Amino acid sequence: MLGAVKLRRDGVVLSLILAAWAPLAARAQGVEACDDGGGERRPIEVTPSVGALGVTTDAPISARYPTGYFGPLGPGDPLPSLASVWQCPAGTLCGVGCGAEDGAPVPGFVQALGDRLFFVPDGGLAPRTTFGGVFRGVDGGIDLRFCTGGQPDAGPPRLGAFVDATRAEAGPGCRLPDGGPRIGLRFGAARDDGPAGSIEYLLYLTRGVGVDAPVLRDRFRNFAAEEVTMTLLVTDEEAAQPVCVQAFALDGVGNVSEASEEHCVDPLTTAVFQPLCSVRPGGRGASLGIVLAALASVGAAARRARSGRSRSRR
C-alpha cells in the first residue's frame, strides 16, 4: 500500500512520501533494461554527485541501488551500516575529499525508500564545508565527496525546452524484452540553485498502445551539458502507432519542475507533433497530475519536518 513513510530519530519525524518514489520503481518498464547496475549488488549512483559544488544545506544524501535490493529479503546488513558520512577539515578540496580517519562523523539516520537509501543528517549540513562518505553494497560501494554552499534550496529546477527526437535501434543489452526501437528525445538542461549533478531527469510515456497511466521509461542524471537526451524504449507493438511523452526534473531535495509539454512521436519516422485532445493513439490519455503532486510533496514534507525540528530545539 502506498502512503507516507515516516523516518524517525530521537522523536523527530521526517515524512518522505513513498508515493513520490513508487512511480519510479513500480511502473518503470524499459528503465531497468539499460540501468540495472550491471547485475552487481552495489549502489549505482549517489546524490550529491561526486565532486559536487554548492550543495544546498538542506539536501538529503542518497544512493540508488539495483531494483529489488531492499526487497523482502533485504540487503543482509542493518541499514545504518550501509552509509557513513563525515565532515572534512577546513580547507579540504571538494574533488579530493577526505577519509573517515581524517573527518568528523556526521550524525544522522538511514532509511530505504524504494530502491534508494537515504542518509538524513541531524540538523542539516554545515554551510561551505567539504564532506566525505561512502554507501556500501554486497559487491562494493561508492564514495561521497561534495561541498555545500551557504543556503538551503530555494525552489524547483526549470527544465529546458524540447529540441528534437531521433531514432536508433536498441542494442541487445539495452532493449525491452519484446524488442523495438530506441528514441532519443533532446531537451535543454535544467537550471537549479543546487548542483547540476543532483538533478534527476524523468521521462514518462503518457499515450500509446495499452497506456492507461504514466509509465516511466527513462531516469538519469546529467552533469555539465547544455542539453540532455532522454531515451524512450518502445516495443514493436507500441512502435506501430504514435506515442506521447512528458518529462520533468527532480532536484536533490525533492522539488520537481513543471512538466514539459506533451510531445507525440511517430516511432517509425520520429516526426514530432503536438497532441490533439481528441486524438488518443492506442489508448486513453494519461495525466501526470498524480505523479507530479506526489513528487512535489517530498520537498514540502521535508521542509515541514525541518521547521518542526528547529522549533523543537528552541
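This is a predicted model: local features need pLDDT of at least 70, side-chain atom pairs count only at pLDDT 80 or more; totals for chains, interfaces and linings use all residues.
A disulfide is a covalent bond between the sulfur atoms of two cysteines, and the structure holds 3 disulfides.

Another of these links is formed by Cys88 and Cys98, whose sulfur atoms are 2.1 Å apart. With -90° about the S-S bond, this link is left-handed, and both Cys88 and Cys98 are buried. The link between Cys94 and Cys147, with sulfur atoms 1.7 Å apart, is likewise left-handed, having -135° about the S-S bond. It connects distant parts of the chain, with Cys94 in the loop between β6 and β7 and Cys147 in strand β11 (residues 140-148), 53 residues apart. Cys94 counts as buried because its relative accessible area is 11%, and Cys147 because its relative accessibility is 10%.

## The open sheet

Strand β17 is also part of an open sheet of 5 strands, which follow the order β15-β14-β17-β18-β19 with antiparallel pairing. At the edges are β15 (215-221) and β19 (272-273), each of which pairs on one side only. Within the sheet, 7 bridges join strand β14 (residues 200-207) to strand β17 (residues 243-250), and these two strands run antiparallel. Leu205, for example, has Val245 in β17 as its bridge partner.

## Two buried residues

Glu45 is placed in strand β3 (residues 45-47), and with 15% relative accessibility it counts as buried, because the cut-off for a buried residue is under 20%. Apart from neighbours within four places in sequence, Glu45 is in contact with several residues, among them Arg64, Arg116, Glu200 and Arg221.

Thr56 lies in the loop between β4 and β5 (61-64) and, at 6% relative accessibility, is buried as well. Beyond its neighbours within four places in sequence, the contacts of Thr56 include Leu125, Asp153, Asp193 and Val253.

## Backbone details in two loops

The peptide bond from Thr47 to Pro48 is cis, with omega near 0°, and Pro48 itself lies in the loop between β3 and β4 (52-55). Arg128, in the loop between β9 (116-121) and β10 (130-137), has a phi near 50°, which is a positive value in a residue other than glycine. At 65% relative accessibility, Arg128 counts as exposed.

How values were computed:
Residues are numbered from 1 along each chain as its sequence is written. Side-chain values use heavy atoms; hydrogens and water are left out. Helices (H or I, at least four residues) and strands (E, at least two) are DSSP runs, numbered from the N terminus. Buried means under 20% relative accessible area, exposed over 50%, partly exposed in between (1.4 Å probe, protein chains only). Contact means heavy atoms within 4.5 Å. Two strands pair if DSSP finds at least two bridges between them. A disulfide is a pair of cysteine sulfur atoms within 2.5 Å.
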